[in-house]
Amino acid sequence: MEEIPLTLKGTQQGILLKPQSEDWAEILSALEDALRDAEDFFRGGRVILELGTKALTEAHLLAVRALLDQYEMELWAILSEDQETIHLTRSYGIRTRLPGETATHEKPADTPENNALLIQRTFRSGQSMKYPGHIVILGDVNPGAEIIAGGNIIVWGRIRGMVHAGALGDESAIVCALDLAPSQLRIAGHISRAPEERRHSPQPEMASIDQNRIIAQPWTARG
Amino acid sequence: MAGKIITISSGKGGVGKTTATANLGLGLAMLGERVVCIDADIGLRNLDVMLGLENRIVYDIVNYIEGRCRFRQALVRDKHFPELFLLPAAQTRDKNAITIDDMSRVAHEAAEIADYVIIDSPAGIEHGFRFAAKPADLVLIVTNPEVAAVRDADRVIGLLEAEGWAPARLIVNRLKPDMVRRNEMLDPDTVVDLLAIDLIGIVPEDAQILAASNRGRPIVLEDRSDAGQAFRDIARRLRGEDIPFAPLKEPTLFQKIYGSHS
């Protein structure tokens, strides 16, 4: 798999950005893509930039801040082990540590990624739902409806519309339904279309990424 | 008295909203009910033509809203059924000529003098759909057994649910049983299953409907027409009568060639 220049993660404190690349042009363009793709998740949120030992120049700091401004997001904290970067960060009045914590490792149970939203209704054409965590629907997702989740999507009903799991880039996300026949199914950056022919006796199925493509397999009780 | 306000809507155009309005209005009048049909498709007036009342229009709904005439003056009485009235749309104006409040006021005023007020909604999901649907006690969603029409119907039902407006019931129009049997057309069960609202009627495709509309003599007046019977059944169901659904009949070869009631 190709190197990801940037990872994004929802945490209780804000959106955690971790650049994985050394190339800032690449990082910025990955950030811009991510913000644009999932604008509704991000708008108005605050951002924690975690750099590790990487150094940050003033120009790059300003570039990140300008980009976040466009999406009405606040560059709330920059976490770095590099002394010059810490100094630079402070000079812009941006915090260098998260309140009440010395490290950024949050408890898994507290992250929005591990929260689920339960919705008991059918989504009709033109209706949509976006949530950074998991989405569980007791009802159908009709053609023309859109469900977008940062985590998994579980539907106790039929999926006929568009679903996007792992919309923040989580390739381990899954989509399950009693009748999985979406017009389009996306997991992270992968897209698959529904098979052309309709099956006559639907069975519960689970879609996930296997070897870089989306596969569906029977959704059965795991022993 | 306050009659029941029923809006005929669909989302998609061309599925038979105006045909349904004309036939159900007439169907209820045939049962002795006093009915006002309101053509809410301002600028694209059609209902008057289907009812054969085009040449009797003096004032229209916009004239009334703008205070140029009294309510009774704007109503056109049907030539066969004196208990059936049409409140025509304006042809020279557009939908922005009236507000949601205007339409609600007019619909309730009509309900004061009628047992049933039937509003023919414009296609689409914009202002015209909204002002037609808002005052309704019941919305009848007309759809055809085809994917695009069903999807638009689903959109409209979703909007009604989101607004918390009137409950919706479904009319599946233009069904061809022989095509359903060959899997070339959605069958009504699939449509009802997807839309998850109650069915109030299935109207078979009938070439005579077009001829009837052009003549200004709705099909509901034709005793031997299956489509006419379907509309008469829906009219009875609207009054709360328990009318069983007729089994779907395939046209005979003779009917295919000569039309359904030759």
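Tutor: L16(A) stands opposite I48(A) in strand 3 of chain A. Strands here are DSSP runs of E with at least two residues, helices are runs of H or I with at least four residues, and both are numbered from the N terminus. This is a predicted model, in which local features need pLDDT of at least 70 and side-chain atom pairs count only at pLDDT 80 or more, while totals for chains, interfaces and linings use all residues. Residues are numbered from 1 along each chain as its sequence is written, chains are lettered from A and ligands numbered from 1 in the order in which they are written, and side-chain values use heavy atoms, leaving out hydrogens and water.

Strand 2 of chain A runs parallel to strand 3 (residues 46-52) of chain A, and three bridges join them; two strands pair if DSSP finds at least two bridges between them. On strand 1 of chain A, strand 2 (residues 15-19) of chain A pairs in the antiparallel sense, over five bridges. T7(A) and K9(A) form the uncovered face of strand 1 (residues 6-10) of chain A, whereas L6(A), L8(A) and G10(A) form the covered face.

Now the sheet as a whole. It is an open sheet of four strands in chain A, in the order 1-2-3-4, with mixed pairing. Strand 1 and strand 4 (74-80) of chain A are the edge strands, each pairing on one side only. On average, and with direction ignored, neighbouring strands of this sheet are turned by 20 degrees against each other. Helix 3 (residues 58-70) of chain A packs on the sheet and touches strand 3 and strand 4 of chain A, its direction making about 145 degrees with that of strand 4 of chain A. Contact means heavy atoms within 4.5 Å. Axes are lines fitted to C-alpha atoms, for helices over the stretch in contact, and angles run from 0 to 180 degrees between N-to-C directions.

The domain assignment of chain A, which is automatic or comes from a database, gives domain 1 (6-91) and domain 2 (112-218). The centres of domain 1 and domain 2 of chain A, taken over C-alpha atoms, are 29 Å apart.

Elsewhere in chain A, R158(A) forms a salt bridge with D140(A), with 2.7 Å between the closest N and O atoms. A salt bridge is a side-chain nitrogen of Lys or Arg within 4 Å of a carboxyl oxygen of Asp or Glu. R158(A) lies in strand 9 (residues 153-159) of chain A and D140(A) in the loop between strand 7 (134-137) and strand 8 (146-149) of chain A, so the pair ties together parts that are 18 residues apart in sequence. D140(A) has 14% relative accessibility and counts as buried; buried means under 20% relative accessible area, exposed over 50%, and partly exposed in between, with a 1.4 Å probe and protein chains only.

Next comes the meeting of the two chains. Eleven residues of chain B and eight residues of chain A take part in the contact. Between them about 910 Å² is buried, 38% of which comes from carbon and sulfur atoms. R151(B), D154(B) and L194(B) supply 51% of the area that chain B buries against chain A, more than any other three residues. Buried area is the accessible area (1.4 Å probe) that two parts lose on being put together, summed over both.

The rule finds three salt bridges across this interface. D154(B) forms a salt bridge with R124(A), and the closest N and O atoms are 2.7 Å apart. D154(B) lies in helix 7 (residues 147-163) of chain B and R124(A) in the loop between strand 5 (116-119) and strand 6 (128-131) of chain A, so the pair joins two chains. Both D154(B) and R124(A) are buried.

Chain B also has an open sheet, with eight strands in the order 3-4-2-5-1-6-7-8 and mixed pairing. Its edge strands are strand 3 (76-77) and strand 8 (198-204) of chain B, each of which pairs on one side only. Strand 3 of chain B runs antiparallel to strand 4 (residues 84-87) of chain B, with two bridges between them. V76(B) has L86(B) in strand 4 of chain B as its bridge partner.
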